[in-house]
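I opened the model and kept notes as I went. The entries follow in the order I looked things up.

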Amino acid sequence: MIQLRITEHIHNWLSGMMSEGAVSIVEMVLIAIVYLTVFAIAGLFLVLLERRVAAWFQLRIGPNRVGFQGLLQTMADAIKLLTKELTGTEKADKFLYNLAPYFVIISALMALAVIPFTKEFHAFDINIGIFFLIAISSIGVIGILLGGWSSNNKFAMIGAMRSGVQTISYELSVGLSLLTMVVITGTLQLSEIIEFQKNGWLIVQGHIPAIIAFMVFMISGTAETNRAPFDMVEAESELGAGFHTEYSGMKFAYFFLAEFINMFIISAIAATIFFGGWLSPFGITESIPELGVFWFLAKTMVLVFLMMWFRWTFPRLRVDQLLTLEWKYLLPINLVNIVLMAVLVWLNLTIRL
Amino acid sequence: METEVVHTNFKSEEYFINMGPQHPATHGVLRLLLTIDGEIIKKVEPDLGYIHRSIEKMCERDSYQQIVHLTDRMDYLSANINNEAVCLAVENALQLEIPDRVQVIRTIIGELTRIASHCLWWGVMGMDVGALTTYFYGFRDREMINDIMEETCGARLTMNYNVPGGLMHDIHPNFVKRVKDFVAHFKTKLPEYDRLLTENIIFKKRMIGVGILSKEDAISFGASGPVGRASGYSCDVRIHHPYSAIDKVTFNEALRTEGDTYARYLVRIQEMWESLSIIEQLIDVIPEGEHRVVTNAVIKLPKGEYYQKVETARGELGVYIISTGTKNPYRLKFRSPGFSNLSLLNHIAVGGKIGDLVATMATLDLVIPDIDR
């Protein structure tokens, strides 16, 4: 069995040169750089993918001129945004106004750290992985609230308030639907959850309640990322651009990128928890562990496509309907679902292949 | 020293927000002064005049042939029907006998314009409630009508195809075939509209029971067109005061009684079906003959007052001419459907959410140059 062991080589090479403390600091920086690169590439690729998928839904072609099939289009857009002037409102709360984009982007980045791309490519495998994800994903809303509040713009303010209401509500469903699956696995650690799925993906193992949990997770995950049909926060026909109305240039790009990274994270979590993460279907490529990245990304991209499909076919909900959906339907369904799952596990009715 | 300003006319929870003149949902330079309590609309005050071009005053300066061209710039989505209104008014005043061929072609062109206008409305309607894909579907079908118009009269938006006395040119030899192709195409696409938007559960939840307008209010606010008909007010000018070749065809007036945004939506969808049926009845029976009656180069209307109304895609457009016998009208007044329909916005939007206001405004189908003139 061939193993690449790149990290081990780098570790040995660095240890030969400096003390143990310095090695760990250098390694942290290296890992951070790798993740920032992944982050940037994923963000830029997803923006392009979204535009091409949208074009496909809308009888258009989409960007296909810059680079092969438009692959460099978003790169060009990012460079353009970098060179643009950063404007802002005169009476904005400057400190909070400048701080807000970083909250959004950092929370997205931190969530990326615990996602297992494959067995080896997993930066931060803590025993409370799912708990960490739920906690980190709620930080982003602070950035949105700050951005909307400090812009000194009423449209931004309404957008931010809607976002606060929405994210806090849907946080519950995201958390509870994930906890439903934890009832089966008995662990919060993502690597162990994946190991557990060697006997069948959790959506198969947990059958009915798992499928319900998956649907609830995708709905509330879409709402968490403020994407259509839950994009009340931006609602361009109602609020202009919502909370980021007053942002321009790279600060706007941070909000924009974070949205796409969050979409990737939600899909990645769903792929990990419900569809076995980097495990191949029926273990067909078990002998080649490097293909784990491929399987992981393939599953994630299918779910990303699902979220894009939502966005380009559904109208937007109204803000009160959004809350009705969460508090009157999803949350009670979720609570019953957890009990159902617990009974299933207790009576040993899960399907194990 | 700063002094605290106390707004006595606001309740403590209410605040004021400026929607427009540059705002995606107002479809033009309409400014709405909103008083909002959280998300709930307390008051809507439309502020007009951002695209006022004093068209009525310009009409007093221009000859009757020139006036037709100005009407394109009012409700630019019903350009042909607007042209027809002025032409009919002038022809009636001169008591010209208009050939059957002209009348049939005018009606066909008018119904094509109505479909094109409703296609565009359907596209932006979806966009206003957040379904961006509808826009491209609507524009795909509108594009075919625009191509027909371009081939026939050389223009895609401001057609100027009608002139007092008839049509500027005869129809293009391809016209009949292309219109038939379009009708066949659009009959397969209209059910697609329903699948994409009409039957969508989120869309229905957004629309049903929102912005309800009663029949009495529709009449007293002067609502016309699909807005009035959705409230059960039978106000189709084509039925009650037929003009051109409309009395040669049979069609149903799209009437509903709910009066909410969904009813207005359904009325327009049904109108597209009715327009298709009108076109189908007429396209095979276009009579032979002249496309124009020769009029004097300088048209002078006899002294008197003349009124003609037509049904545009938005409702009743009235043209009121006072002539003193010269080559220009002494006064010309347009009764535009958009203006009356906008006037009831405050009445039906108060109490709803911001999202409801946008949905309501979309079903009023406002064209701002029509309101401001």
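**Ground rules.** I am working with a predicted model, where local features need pLDDT of at least 70 and side-chain atom pairs count only at pLDDT 80 or more, while totals for chains, interfaces and linings use all residues. Residues are numbered from 1 along each chain as its sequence is written, and chains are lettered from A and ligands numbered from 1 in the order in which they are written.

Entry 1: I started with phi angles. Most residues other than glycine have a negative phi. L59(A) has a positive phi of about 60° and is not a glycine. I found L59(A) in the loop between α2 (20-57) and α3 (73-83) of chain A. Helices here are DSSP runs of H or I with at least four residues, strands are runs of E with at least two, and both are numbered from the N terminus. Is L59(A) buried or exposed? L59(A) is exposed, because 11 other C-beta atoms lie within 10 Å. The cut-offs are 20 or more such atoms within 10 Å for buried, 12 or fewer for exposed, and partly exposed in between, with C-beta atoms placed from the backbone.

N152(A) also has a positive phi of about 60°, and is not a glycine. I placed N152(A) in the loop between α6 (140-150) and α7 (154-185) of chain A. N152(A) counts as partly exposed, since 15 other C-beta atoms lie within 10 Å.

**Entry 2: domains of chain A.** I took the bounds from the assignment: domain 1 is 1-83 and domain 2 is 93-346. Such bounds come from an automatic or database domain assignment. The two domain centres, taken over C-alpha atoms, are 20 Å apart. I then checked contacts, meaning C-beta atoms, placed from the backbone, within 7 Å. In chain A, 16 residues of domain 1 touch 18 residues of domain 2. On the domain 1 side, α2 and α3 of chain A give two or more residues. The largest share, eleven residues, comes from α2(A). That side has 13 nonpolar residues, two polar and one charged. Nonpolar covers Ala, Val, Leu, Ile, Met, Phe, Trp, Tyr, Cys and Pro; charged covers Asp, Glu, Lys and Arg; the others, Gly among them, are polar.

**Entry 3: where the chains meet.** How many residues does the contact take from chain B? I read 25 from chain B and 22 from chain A. On the chain B side, α4 (100-128), α5 (133-153), α7 (201-207) and α14 (354-364) each supply at least two residues. That side of chain B splits into twelve nonpolar, six polar and seven charged residues.

**Entry 4: a sheet in chain B.** I traced an open sheet of three strands, order β6-β7-β8 (chain B), with antiparallel pairing. Two strands pair if DSSP finds at least two bridges between them. β6 (304-311) and β8 (329-335) of chain B are the edges; each has a single partner strand, so one side of each lacks a neighbour in the sheet. The twist averages 15° from one strand to the next. β6(B) and β7 (316-323) of chain B pair over eight bridges. V310(B) stands opposite L317(B) in β7(B).

**Entry 5: chain B overall.** I counted 15 helices and eight strands in chain B. Buried residues make up 50% of its 373 residues.

Notes: Two residues are in contact if their C-beta atoms, placed from the backbone, lie within 7 Å. Axes are lines fitted to C-alpha atoms, for helices over the stretch in contact, and angles run from 0 to 180 degrees between N-to-C directions.
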